[in-house]
Amino acid sequence: MSSELIHPTAIIHPGAQLDDGVEIGAYSVIGDNVRIGRGSKIASHVVIEGPTQIGVDNQVYPFASLGLAPQDKKFRGEPTELLIGNRNVIRECCTFNRGTVQDKGKTVIGDDNWIMAYVHIAHDCVIGNNTIFANNATLAGHVEIRDWVILGGFTLVHQFCVIGEHAFTGMGSSVSKDVPPFAMVSGAPAEPHSINLEGLKRRGFSKEAIQRIKETHRILYRQQLPVQDALAKIEAAYGEHEEIALLLAFCRHSQRGLIR
């Protein structure tokens, strides 16, 4: 840890571990049992409490609050944790809480996520990689957001919901059921509208794969079939393809039920 990169007004607990190249801005507070990986930049007026681990090359903007106690009345000070991966951008006034012993005991943020201002990630959430959370997106406890998901501004996600890979929520969506991979949803309550076509194109999905995903969406949401009948029809037609196998597995393991 180089003192040249730590502003003299910052407060660093002796039990914190800062790797080489970590920058800490003015008036930030880094608590006990916090570890921050090399090259990460913590701006001014940030509060990070432990146990929290932050990987390499992250950027945390002013007034973020990371690793504080979960907003759960059952919490009794247990040593739960917040784990943040690498190369994440965490903008102003974000709040990420630690986990609870009633679930995983940890809140997990993956790699390469772009998390905009005022986003709240509650206790025991698990966030994958390469996601985008627009301003004021809010996750209740125990939510899972998988890789490449985009949450529109002011999206609300109910506790225990799962949002599948490459899904997209429109601005102001209120999600209370699981969102399958590739789906585009919006509204309050959120409803499925189409597939995330532009996102799939940008991520290099072939025309053939996109056409298969379109057809599975039509079977699942436009043919008025019971879910299990729709999944059986999708599997019979396209089940051997990797992206459709991903969709089928998600739908069959849904605990809260699929958004309809």
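This is a predicted model: local features need pLDDT of at least 70, side-chain atom pairs count only at pLDDT 80 or more; totals for chains, interfaces and linings use all residues.
Local features were considered at pLDDT of at least 70 and side-chain atom pairs only at pLDDT 80 or more, whereas totals for chains, interfaces and linings use all residues. Residues are numbered from 1 along each chain as its sequence is written, and side-chain values use heavy atoms, with hydrogens and water left out.

Helices (DSSP runs of H or I, at least four residues) and strands (runs of E, at least two) are numbered from the N terminus. Strands of a sheet pair through backbone hydrogen bonds, either parallel or antiparallel; here, two strands are taken to pair if DSSP finds at least two bridges between them. An open sheet is formed by nine strands in the order β1-β4-β7-β10-β13-β16-β19-β22-β25, with parallel pairing. Its edge strands, β1 (11-12) and β25 (174-175), each pair on one side only. Within this order, β13 (residues 95-97) runs parallel to β16 (residues 120-121), to which two bridges join it, and Phe96 stands opposite Ile121 in β16.

Parallel pairing also links β8 (residues 52-54) to β11 (residues 81-84), over three bridges. β11 pairs in the parallel sense with β14 (residues 106-109) as well, over four bridges. Ile84 in β11 stands opposite Ile54, and its bridge partner in β14 is Ile109.

The UniProt record, an unreviewed entry, places the feature "domain: UDP N-acetylglucosamine O-acyltransferase C-terminal" at residues 178-259; such annotations may be inferred rather than shown by experiment. This span is 54% helix and 11% strand, and its end C-alpha atoms lie 6 Å apart.

Two packed helices are described by the angle between their axes and the distance between the axes. Axes are lines fitted to C-alpha atoms, for helices over the stretch in contact, and angles between N-to-C directions run from 0 to 180 degrees. Helix α2 (residues 207-221) packs against α3 at about 155 degrees, with the axes 9 Å apart. The two helices are therefore roughly antiparallel, a term for angles over 145 degrees. Their contact (heavy atoms within 4.5 Å) involves residues of α2 including Arg212 and Ile219, and residues of α3 including Leu231 and Tyr238.

The axes of α3 (residues 227-238) and α4 (residues 242-252) come within 10 Å and cross at roughly 160 degrees. α3 is thus roughly antiparallel to α4. Leu231, Ala232, Ile234, Glu235 and Tyr238 in α3 meet Ile244, Leu248, Cys251 and Arg252 in α4.

How values were computed:
Angles under 35 degrees count as roughly parallel, over 145 as roughly antiparallel, 65 to 115 as roughly perpendicular and the rest as oblique.
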